[in-house]
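Hi,

Here is the structure I promised you. Please open it first, then read my notes below.

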Amino acid sequence: MQLLGIGSRIDHTEYGKGVVTNVTSKHYWVTFIDRGLETIDLDSDFEVIEACEDDVDTISFAEVESSLVHILKRWSDVSEVVPIADKWKGGKIILEPGDTSLQGKELPINQFFHKITMVRDRLRVMEQKINSSNNLDEQEKIDLQQYITRSYGSLTTFNVLFKLKTQQFVGQRSK
């Protein structure tokens with residue numbers, strides 16, 4: 001299939017005659033005489049009246065960025081920046097033993113939160129490795145996935161620390 005450049009003229013079966021004004025990886029943006037601007041699939045049914053040869057950049061910056069973010073999240077050990085809820089910034093966790101003769105422990109809540117997000121990231125990596133494994137059959141993958149889901153559920157207690165709801169732990173949902 002020949003990719004048309006901007007300025008190409010076409011005759012579309014449904015929209016009539018028009019001129020290609022933009023090209024993406026999946027669509028032509030065409031300004032039609034009778035219909036105005038329409039977006040059509042690259043493989044739509046149309047006749048080429050005049051093709052303009054042009055170096056067409058068929059991938060938008062947003063598509064490149066989206067793909068790159070997806071790849072980095074899936075295959076790298078780089079963890080995303082997860083902000084702690086504002087009310088916990090600068091706070092501390094105090095652990096007091098039931099036995100008063102023993103010493104308690106204080107630690108900055110930011111350190112604790114970082115450890116929790118690292119556990120979450122490692123669970124995600126484990127999940128990806130299970131799903132992409134060629135050594136496990138489908139039932140084994142399902143069984144292991146259920147353990148991971150239950151682990152997420154056990155960690156939902158700490159959701160109060162997350163600034164963004166979209167980054168919180170989600171366990172098994174009731175149906």
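Start at Asn22, which stands opposite Trp29 in strand 3. Keep in mind that this is a predicted model. Strand 2 covers residues 16-23, and strand 3 covers residues 27-32. The two pair in the antiparallel sense, over five bridges.

Next, the rings. How many aromatic pairs does the structure hold? There are six. One of them is Tyr15 with Phe32. Their centres are 5.2 Å apart, and the planes make an angle of 45 degrees. That pair counts as tilted. What does it tie together? Tyr15 lies in the loop between strand 1 (9-12) and strand 2, while Phe32 lies in strand 3, so the pair joins parts that are 17 residues apart in sequence. Are these two residues buried or exposed? Tyr15 is buried, because its relative accessible area of 15% falls under the 20% cut-off. Phe32 is buried too, with a relative accessible area of 2%.

Now look at Phe112 and Phe158. They form an edge-to-face pair. The centres are 5.5 Å apart, and the planes are at 70 degrees. This pair links distant parts of the chain. Phe112 is in helix 2 (residues 109-132). Phe158 is in the segment after helix 3 (138-154). How exposed are they? Phe112 is partly exposed, with a relative accessible area of 24%. Phe158 is also partly exposed, at 26%. Both values lie between the cut-offs of 20% and 50%, so neither residue counts as buried or as exposed.

Two more spots deserve a look. Phe113, Tyr152, Phe162 and Phe169 form one aromatic cluster. Select the four together to see it. Then find Tyr147 and Arg150. The charged end of Arg150 sits over the ring of Tyr147, 5.3 Å from the ring centre.

Best wishes

Terms used:
Residues are numbered from 1 along each chain as its sequence is written. This is a predicted model: local features need pLDDT of at least 70, side-chain atom pairs count only at pLDDT 80 or more; totals for chains, interfaces and linings use all residues. Side-chain values use heavy atoms; hydrogens and water are left out. Two strands pair if DSSP finds at least two bridges between them. Helices (H or I, at least four residues) and strands (E, at least two) are DSSP runs, numbered from the N terminus. Rings of Phe, Tyr and Trp (its six-membered ring) pair if their centres lie within 6.5 Å; planes under 30 degrees apart count as stacked, over 60 as edge-to-face and the rest as tilted. Buried means under 20% relative accessible area, exposed over 50%, partly exposed in between (1.4 Å probe, protein chains only). A charge sits over a ring if NZ of Lys or CZ of Arg is within 6 Å of the ring centre and within 35 degrees of the ring normal.
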